[in-house]
Each structure stands twice: as C-alpha cells, then as structure tokens.
Number of protein chains: 2
Amino acid sequence: MVKVTVHVTLRQGVLDPQGKAIKDSLNSLGYAEVEDARVGKSIELMVEEGPDLEARVEEMCKKLLANPVMEDYRIEVEGAVRS
Amino acid sequence: MVKVTVHVTLRQGVLDPQGKAIKDSLNSLGYAEVEDARVGKSIELMVEEGPDLEARVEEMCKKLLANPVMEDYRIEVEGAVRS
C-alpha cells in the first residue's frame with residue numbers, strides 16, 4: 001500500500017473568500033503580520049501498488065479530485081506504508 | 001515575507017464522509033486500487049518575518065485554524081518569499 005497525497009490549491013487570480021476570512025480573523029485576533037491566506041485541500045489516498053501508479057493518480061485528479069479550470073494540483077507519493 | 005503552510009487533517013478515528021465519498025467515486029470510476037481517502041485542509045499564510053514566528057503560527061492554529069478536538073495540524077515554514 002502506498003500513501004499518495006494530492007495537494008489541490010486555487011489557481012493564482014482565483015478569489016478565495018475562505019482565505020480572506022481567515023486572514024481578516026487572524027488580523028483582528030492581533031496577528032497583524034499575516035498578509036495573505038489561501039486555503040487548499042489535501043487528499044490522502046491509500047493506494048494498492050501497481051504499474052503506472054502516478055499516471056493513474058494524475059488521471060484521478062483530472063477526472064475527479066481537482067477542477068483544472070480553477071485549481072492546480074500537485075501529487076506527492078509518500079512511499080510504501082504498511083497496512 | 002515568509003510562506004507558512006499549515007496542514008490540518010482529521011484525527012484518526014474521526015469519520016470523514018467527504019473522504020468516503022471520494023473513495024467510493026474513485027472506485028466506481030474504475031480505480032479499484034484506492035482503498036481509503038481522507039481529506040484535509042492546507043492553509044498557506046504569507047507572514048511578515050518577526051521573532052517567534054513559529055510559536056505565533058502555533059498559537060493561530062490553536063485559536064482559529066484547527067479544531068484540536070477533531071483535527072491534527074502540522075506547520076511547515078517554507079522560507080523567505082520575495083513579495
């Protein structure tokens with residue numbers, strides 16, 4: 001079993017109201033040093049090893065996990081995990 | 001300016017219906033090798049450098065960014081970024 005993490009982030013230029021709310025809240029809590037906040041998703045998949053693992057995860061991103069119009073994604077294969 | 005990423009994940013044992021939906025969808029799309037999926041958040045902060053940067057981000061996590069009852073968090077300071 002391999003642990004694969006897919007990091008999905010909003011593309012630059014896409015408005016991120018949730019990030020804006022976090023930034024404003026942090027500022028009003030006294031953390032004036034926070035200048036920007038953006039929120040993304042990280043999807044941890046436990047995948048049975050097989051050929052073309054990365055290519056298949058890439059396909060999953062395109063088909064389901066990310067919206068390529070608004071989001072970028074990055075795939076991180078974290079190596080074998082004992083199940 | 002420093003880029004700090006806070007990774008927030010559900011604690012083990014906490015049900016993750018969104019992850020379950022992703023796993024089921026991937027399986028029904030033909031990706032039978034996916035055995036589990038868990039969804040977390042990654043919050044990218046752009047922070048003005050200062051003393052105690054990491055301690056202050058830790059505080060932000062406890063106060064606002066994560067719910068310590070249900071979530072774990074991990075802080076990753078990615079180094080200086082030109083603004």
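Guide: What follows is a set of questions and answers on a predicted model.

Visitor: How do you know that chain A and chain B are related by a rotation?

Guide: A rotation of 180 degrees, with 0.0 Å of shift along its axis, places chain A on chain B with an RMSD of 0.0 Å. The two copies are therefore related as by a two-fold rotation axis. In chain A, the C-alpha nearest that axis belongs to A:Lys41, at 2.3 Å.

Visitor: What makes A:Lys3 and A:Glu44 a salt bridge?

Guide: In general, side chains of opposite charge can pair when their charged atoms come close. The term asks for a side-chain nitrogen of Lys or Arg within 4 Å of a carboxyl oxygen of Asp or Glu. For A:Lys3 and A:Glu44 the closest N and O atoms are 3.8 Å apart, so the pair meets the limit of 4 Å. Over all chains, the structure holds 14 salt bridges.

Visitor: Are A:Lys3 and A:Glu44 buried or partly exposed?

Guide: Buried means under 20% relative accessible area, exposed means over 50%, and partly exposed is in between. A:Lys3 has 22%, so it counts as partly exposed. A:Glu44, at 24%, is also partly exposed.

Visitor: Which residues of chain B meet in a salt bridge at 3.8 Å, N to O?

Guide: Among them are B:Lys3 and B:Glu44, whose side chains meet at that distance. B:Lys3 lies in strand β1 (residues 2-10) of chain B and B:Glu44 in strand β2 (residues 34-47) of chain B, so the pair ties together parts 41 residues apart in sequence. B:Lys3 has 23% relative accessibility and is therefore partly exposed. B:Glu44 has 24%, so it too is partly exposed. Back in chain A, salt bridges that share partners join A:Lys3, A:Glu44 and A:Glu78 into one network.

Visitor: Why is A:Lys63 called exposed, and what is A:Glu59 called?

Guide: A:Lys63 has a relative accessible area of 51% and therefore counts as exposed, since the label begins over 50%. A:Glu59 has 37%, so it is partly exposed.

Visitor: Which residues make up the patch of negative charge on the surface?

Guide: The patch gathers A:Glu35, A:Asp36, B:Glu48 and B:Glu49. Asp and Glu count as negative, and a patch takes residues with over 30% relative accessible area and no salt bridge. A:Glu35 has 37% relative accessibility and is therefore partly exposed. A:Glu35 is found in strand β2 (residues 34-47) of chain A.

Visitor: What is noted about the phi of A:Asp52?

Guide: Most residues other than glycine have a negative phi. A:Asp52 is not a glycine, yet has a positive phi of about 60 degrees. A:Asp52 sits in the loop between β2 and α2 of chain A. With a relative accessible area of 56%, A:Asp52 is exposed. B:Asp52, not a glycine either, also has a positive phi of about 60 degrees. B:Asp52 is in the loop between β2 and α2 (53-65) of chain B, and at 55% relative accessibility B:Asp52 counts as exposed.

Visitor: Why is A:Met70 called partly exposed?

Guide: The relative accessible area of A:Met70 is 37%, so the label is partly exposed. A:Met70 lies in the loop between α2 and β3 (71-80) of chain A. A:Met70 and A:Tyr31 are 39 residues apart in sequence, and their C-alpha atoms are 29 Å apart in space.

Methods: Residues numbered from 1 in each chain as written. Chains lettered and ligands numbered in written order. Predicted model: local features only at pLDDT ≥ 70, side-chain atom pairs only at ≥ 80, totals over all residues. Heavy atoms only, no water. Patch = residues over 30% accessible without salt bridge, like charges linked within 9 Å, V, L, I, M, F, W, Y side chains within 5 Å. Areas by Shrake-Rupley, 256 points an atom, 1.4 Å probe, with all protein chains shown as cover. Charge placed at Lys NZ, Arg CZ, Asp CG, Glu CD. Helix = DSSP H or I, 4+ residues; strand = E, 2+ residues; numbered from the N terminus. Buried < 20%, exposed > 50% of the residue type's maximum accessible area, 1.4 Å probe, protein only. Least-squares fit on C-alpha atoms with pLDDT ≥ 70 in both.
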